[in-house]
Amino acid sequence: MSTVTDILAGYAALQAGQEAFYKDLHQHPELSHQEHRTAGRVAGKLREYGCTVQTGIGGTGVVGVLANGPGPTVLLRAELDALPVREDTGADYASTATAKDAQGQDVPVAHACGHDMHMSCLLGMVKLMADHRDRWSGTLLPLFQPAEETGDGAQGMVDDGLFKRIPAPDVALAQHLLSGVAGTVLTRPGPFMATEDSINVTVYGKGGHGAIPQHTIDPVVIAAMAIVRLQTIVSREVAPGEIAVVTVGSVHAGTRSNLIPDHARLQLNLRSYAEPTHQRMLASVQRIVRAESQAAGAPQDPDFDTVGSFPLTVNDHVTTDRAAAAFAAHFGDHAGEIARQTVSEDFSNIPNAAGVPYTYWALGFTEEKTYRAAERAGRLQDLISNHSPKFLPPLQPCLRTGTEALVAAALAWLAPAGS
Ligand SMILES: [Zn+2]
Ligand SMILES: [Zn+2]
């Protein structure tokens with residue numbers, strides 16, 4: 001028997017406990033930066049499985065160290081946080097939780113992105129690896145980050161001295177439930193998820209009476225000119241064929257028709273798949289809005305406030321090929337490729353800070369019959385997606401597949417026992 005098959009033979013004994021743990025997390029979701037109970041539950045399990053555990057990194061972040069002799073160090077990431085979503089799945093273990101969000105509003109909370117499943121799979125993997133220390137050599141770093149949904153949790157752990165507190169990894173791995181058939185494991189080398197920036201821009205003018213425009217500097221006109229010219233970033237500055245998006249999703253200025261306001265506010269959203277493009281777009285936004293303000297004779301330069309950003313996720317080719325080969329060997333035709341995603345992730349901040357390669361793969365979560373029917377009808381967009389109130393991956397085969405994928409991938413790096 002291969003080492004992977006041998007280690008995974010222990011799954012049957014683990015399954016009932018893993019499903020119960022998952023349901024418990026699912027019924028007790030916590031918002032980004034508030035994951036105290038979840039972090040405590042995860043840390044408890046890591047200790048039970050023989051890990052040395054560090055807690056409170058970057059807020060609620062938890063990392064286990066399972067040292068098992070000489071060999072490579074493999075970091076595996078899961079996320080602790082849930083979303084302000086009212087679950088509407090009808091499951092008997094559905095969440096009815098509520099919490100106060102960062103603005104102090106009462107909101108419903110649910111694990112509508114599957115982070116509860118990622119955590120359960122990673123803990124299951126650690127348990128199996130701990131039970132078979134005789135079959136591998138090296139170090140595992142199961143890492144549970146806070147606040148993935150707000151995009152600042154991974155960087156928060158790095159800034160809090162993550163790599164002073166744990167050994168440096170040789171490679172970093174992560175997985176996520178994404179659109180696909182439940183039970184499949186899907187990889188993609190190269191650019192996989194977009195970088196995203198949300199930027200609030202304020203342009204300044206000089207307010208006054210709508211009947212005396214010559215005594216004012218109208219920020220509404222500055223904003224309008226800037227919005228039109230921002231459209232030329234993608235059409236005139238980004239190479240044709242390269243994917244980039246600049247959206248002005250919100251414009252606010254003034255209160256009534258005969259009053260020229262003294263400022264206008266824009267909210268911009270930018271996405272791209274290559275760092276040089278990303279940097280050029282950021283610079284172009286500033287250049288255009290500044291220049292339009294100057295053209296109007298604005299009394300003050302515009303303000304730019306980045307209120308959220310996600311880094312680019314670019315899967316290292318060699319690392320991804322190695323994981324994909326391990327998946328093909330273990331999952332056969334349930335291993336495959338996935339298209340580039342327009343969503344964003346902050347995981348890459350961790351391997352980038354350590355200067356190590358990474359790969360991030362997808363786990364399908366839609367029942368095969370449902371997925372194939374939608375595919376035949378050309379209606380894949382109608383399937384329930386992450387962040388939907390109806391998002392609910394089937395317990396199986398998802399928990400088993402996610403656990404097996406982590407074991408198979410980690411063993412592609414770890415040394416065989418006794419080496
Ligand atoms: Zn999400
Ligand atoms: Zn997620």
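Predicted model: local features only at pLDDT ≥ 70, side-chain atom pairs only at ≥ 80, totals over all residues.

Q: Which residues in H7 meet which residues in H8?
A: Residues are numbered from 1 along each chain as its sequence is written, chains are lettered from A and ligands numbered from 1 in the order in which they are written, and side-chain values use heavy atoms, with hydrogens and water left out. Helices (H or I, at least four residues) and strands (E, at least two) are DSSP runs, numbered from the N terminus. Contact means heavy atoms within 4.5 Å. On the H7 side you find Ile222, Met225, Ala226, Arg229, Leu230, Thr232, Ile233 and Glu237, and these meet Arg280, Met281, Ser284, Val285, Arg287, Ile288, Val289, Glu292 and Ser293 in H8.

Q: At what angle do helix H7 and helix H8 pack?
A: Axes are lines fitted to C-alpha atoms, for helices over the stretch in contact, and angles run from 0 to 180 degrees between N-to-C directions. Helix H7 (residues 219-237) and helix H8 (residues 275-295) pack at about 150°, and their axes are 9 Å apart. H7 and H8 are therefore roughly antiparallel (an angle over 145 degrees).

Q: Which residues are the protein donors of the zinc ion (ligand 2)?
A: Donors are N, O and S atoms within 2.8 Å of the metal (3.2 Å for Na, K and Ca); water is not among the atoms, so sites may look incomplete. For this ion they are Cys113 (SG), His115 (NE2) and His176 (NE2), at 2.1 to 2.5 Å. Their spacing in sequence is C-x1-H-x60-H.

Q: Why does the pair Cys113 and His176 tie together parts that are 63 residues apart in sequence?
A: Look at where each one sits: Cys113 is in the loop between strand E5 (106-108) and helix H4 (115-131), while His176 is in strand E7 (residues 171-177), so the pair links parts 63 residues apart in sequence. Cys113 also bridges the zinc ion (ligand 2) and the zinc ion (ligand 1), which lie 3.1 Å apart.

Q: Is Cys113 buried or exposed?
A: Buried means under 20% relative accessible area, exposed over 50%, partly exposed in between (1.4 Å probe, protein chains only). Cys113 is buried, at 7%. Cys121 is buried too, at 0%.

Q: How many disulfides does the whole structure have?
A: A disulfide is a covalent bond between the sulfur atoms of two cysteines. The search, which takes a pair of cysteine sulfur atoms within 2.5 Å, finds zero. For Cys121, the closest cysteine sulfur is in Cys398, 8.1 Å away, too far for a bond.

Technical notes
Parallel < 35°, antiparallel > 145°, perpendicular 65-115°, else oblique.
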